[in-house]
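This report goes through selected parts of one protein model. Please keep the sequence and the 3D view open while reading.

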Amino acid sequence: MGEVDPAFIQAPEHRPKLSVIEAQGIPLIDLSVLSSPDDTFDDALVAEIGDACKKWGFFQVINHGVPLEKRQRIEEAARKFFAQPLEEKRKVRRDEKRVVGYYDTEHTKNVRDWKEVFDLTVHDPTFIPASLDPDDEEIDEWHNQWPEYPPELREACEEYAKEMEKLAFKLMTLIALSLGLPGNRFQGFFKDQTTFIRLNHYPPCPAPNLALGVGRHKDAGALTILAQDNVGGLEVKRKSDGEWIRVKPTPDAYIINVGDMIQVWSNEAYESVEHRVMVNSERERFSIPYFLNPAHYTIVKPLDELTNELNPANYRAYNWGKFFTTRKLSNFKKLSVENIQISHFKIQELSNKLEGGLTIN
Ligand SMILES: O=C(O)CCC(=O)C(=O)O
Ligand SMILES: [Fe+2]
């Protein structure tokens with residue numbers, strides 16, 4: 001990644017501004033009540049989570065119960081892995097058959113990202129549809145590829161994954177309660193989950209004004225739990241005015257964002273928010289997102305309890321496995337068409353009717 005290949009250059013309207021607006025108001029939520037002996041999901045916390053999901057779609061949590069040593073261990077192992085020569089990393093590279101592993105050519109919205117990644121699934125194997133064809137019922141198995149070095153990477157990742165799952169389920173309980181649902185409403189979707197963890201490395205970039213570490217995007221799954229280091233670079237599109245806001249690193253905090261699936265399940269009570277990553281010319285940056293995803297056979301649609309005649313479903317049902325496979329295969333190379341998005345499943349009837357003359361006030 002020495003010089004800047006034109007594949008990395010963002011269109012002028014998507015280039016980052018080098019003057020940074022630090023996050024004003026991304027909620028910082030203290031989860032310490034969850035560690036109390038009776039493990040209560042107290043009302044004030046539920047309200048706080050609901051408010052953060054509605055207004056921002058992003059928040060940070062502290063006192064989350066994840067031991068700091070577990071995080072430090074995976075961060076350290078990730079640094080050692082990425083510090084190796086490219087030939088070593090390529091021994092565990094992802095390809096069209098082995099979909100998880102090392103990878104340095106990801107494209108977001110058809111522009112190459114200034115980063116290298118190592119992906120692993122939390123369930124090994126993970127079951128996923130073999131093809132995009134809706135009528136093809138063949139299922140593939142994804143297996144993790146572990147590098148020889150550093151030898152502790154595997155255990156560090158597996159232990160971290162267990163901690164992330166505990167936190168993710170607590171957060172999904174809080175989110176369910178905040179939507180007026182039973183706390184365990186989402187639990188059943190994750191039995192055969194397709195959750196994965198990504199180790200991100202963003203090397204210094206000679207043209208941080210032209211390229212991005214990750215281009216603007218929304219996360220497709222249910223929920224993301226992100227550990228970022230102290231360099232900073234994550235920007236969130238503020239819902240109130242569309243301004244890109246930098247999420248300032250907070251030591252030992254996790255950044256949580258609502259994914260597209262919660263947007264659909266909640267029938268847009270909560271929205272998945274666009275974000276991107278800026279790079280810089282001096283310091284490399286590391287981050288570790290955990291993407292909570294349901295079983296491949298999950299049919300995603302607005303929950304019946306959250307829709308009615310006055311608030312009809314805004315989305316048609318879609319199959320998560322097919323959606324995920326389509327995303328994975330298309331992120332693999334530059335395409336001439338837009339990647340699959342939940343907006344492709346949006347029900348347009350109502351807006352068409354409104355445009356046709358109906359008015360609401
Ligand atoms: O590195 C980060 O801060 C965020 C990465 C991200 O948004 C992603 O991998 O989906
Ligand atoms: Fe993301």
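## Pro 289 and its surroundings

Apart from residues within four places in sequence, Pro 289 contacts Phe 196, Ile 197, Arg 198, Asn 200, Thr 224, Ile 225 and Leu 226. The model is a predicted one. Pro 289 belongs to strand E16, which covers residues 285-292. With a relative accessibility of 4%, Pro 289 counts as buried, since buried means under 20%.

One of the contacts of Pro 289 is Arg 198. These two residues are 91 places apart along the chain, yet their C-alpha atoms are separated by 5.6 Å.

## The iron site

Which residues coordinate the iron ion (ligand 2)? They are His 217 and His 275, each through its NE2 atom, and Asp 219 through OD, at 2.1 to 2.2 Å. Along the sequence these donor residues follow the spacing H-x1-D-x55-H.

Are His 217 and His 275 buried or exposed? Both of them are buried.

## Helices H2 and H4

Two packed helices are described by the angle between their axes and the distance between the axes. For helix H2 (residues 68-82) and helix H4 (residues 153-178), the axes come within 9 Å and cross at roughly 140 degrees. H2 and H4 are therefore oblique to each other, because an angle counts as roughly antiparallel only over 145 degrees. The crossing of the two helices is left-handed.

On the H2 side, the contact is made by Lys 70, Arg 71, Arg 73, Ile 74, Ala 77 and Ala 78. On the H4 side, it is made by Leu 153, Glu 155, Ala 156, Cys 157, Glu 159, Tyr 160 and Glu 163. Sorted by class, the contact of H2 with H4 has seven nonpolar residues, six charged ones and no polar ones.

## Helices H1 and H4

H4 also packs with helix H1 (residues 43-55): their axes come within 8 Å and cross at roughly 85 degrees. How are H1 and H4 oriented to each other? They are roughly perpendicular, because angles of 65 to 115 degrees are placed in that class.

In this contact, H1 supplies Leu 45, Val 46, Ile 49, Gly 50 and Cys 53. H4 supplies Leu 171, Leu 174, Ile 175, Leu 177 and Ser 178. By class, the contact of H1 with H4 has eight nonpolar and two polar residues, with no charged ones.

Gly 183 lies in the loop between H4 and strand E9 (196-202).

Gly 183 and Asn 200 are 17 residues apart in sequence, and their C-alpha atoms are 32 Å apart in space.

## Asp 252, a loop residue

Where is Asp 252? It is in the loop between strand E13 (244-246) and strand E14 (254-258). Its relative accessibility is 28%, so Asp 252 counts as partly exposed.

Leaving out residues up to four places away in sequence, Asp 252 touches Val 61, His 64, Leu 68 and Arg 71. Arg 71 is also one of the H2 residues in the contact with H4. Asp 252 and Arg 71 are 181 residues apart along the chain, and their C-alpha atoms are separated by 8.5 Å.

## Cis peptide bonds

The bond that joins Asp 124 and Pro 125 is a cis peptide bond, with omega about 5 degrees. Pro 125 lies in the loop between strand E6 (116-121) and strand E7 (126-129).

The peptide bond from Tyr 149 to Pro 150 is also cis, and its omega is near -5 degrees. Pro 150 is in the loop between strand E8 (139-142) and H4.

## Residues with positive phi

Asn 63 is not a glycine, but its phi is positive, at about 55 degrees. It is located in the loop between strand E2 (58-62) and H2. Asn 63 counts as partly exposed, at 43% relative accessibility.

Glu 268, likewise not a glycine, has a positive phi of about 75 degrees. The loop that holds Glu 268 runs between helix H5 (260-265) and E15. With a relative accessible area of 25%, Glu 268 is partly exposed.

Methods:
Residues are numbered from 1 along each chain as its sequence is written. Chains are lettered from A and ligands numbered from 1 in the order in which they are written. This is a predicted model: local features need pLDDT of at least 70, side-chain atom pairs count only at pLDDT 80 or more; totals for chains, interfaces and linings use all residues. Side-chain values use heavy atoms; hydrogens and water are left out. Donors are N, O and S atoms within 2.8 Å of the metal (3.2 Å for Na, K and Ca); water is not among the atoms, so sites may look incomplete. Buried means under 20% relative accessible area, exposed over 50%, partly exposed in between (1.4 Å probe, protein chains only). Axes are lines fitted to C-alpha atoms, for helices over the stretch in contact, and angles run from 0 to 180 degrees between N-to-C directions. Helices (H or I, at least four residues) and strands (E, at least two) are DSSP runs, numbered from the N terminus. Angles under 35 degrees count as roughly parallel, over 145 as roughly antiparallel, 65 to 115 as roughly perpendicular and the rest as oblique. A crossing is left-handed if the near helix is turned anticlockwise from the far one by less than a right angle, and right-handed if clockwise. Contact means heavy atoms within 4.5 Å. Ala, Val, Leu, Ile, Met, Phe, Trp, Tyr, Cys and Pro count as nonpolar, Asp, Glu, Lys and Arg as charged, and the others, Gly among them, as polar.
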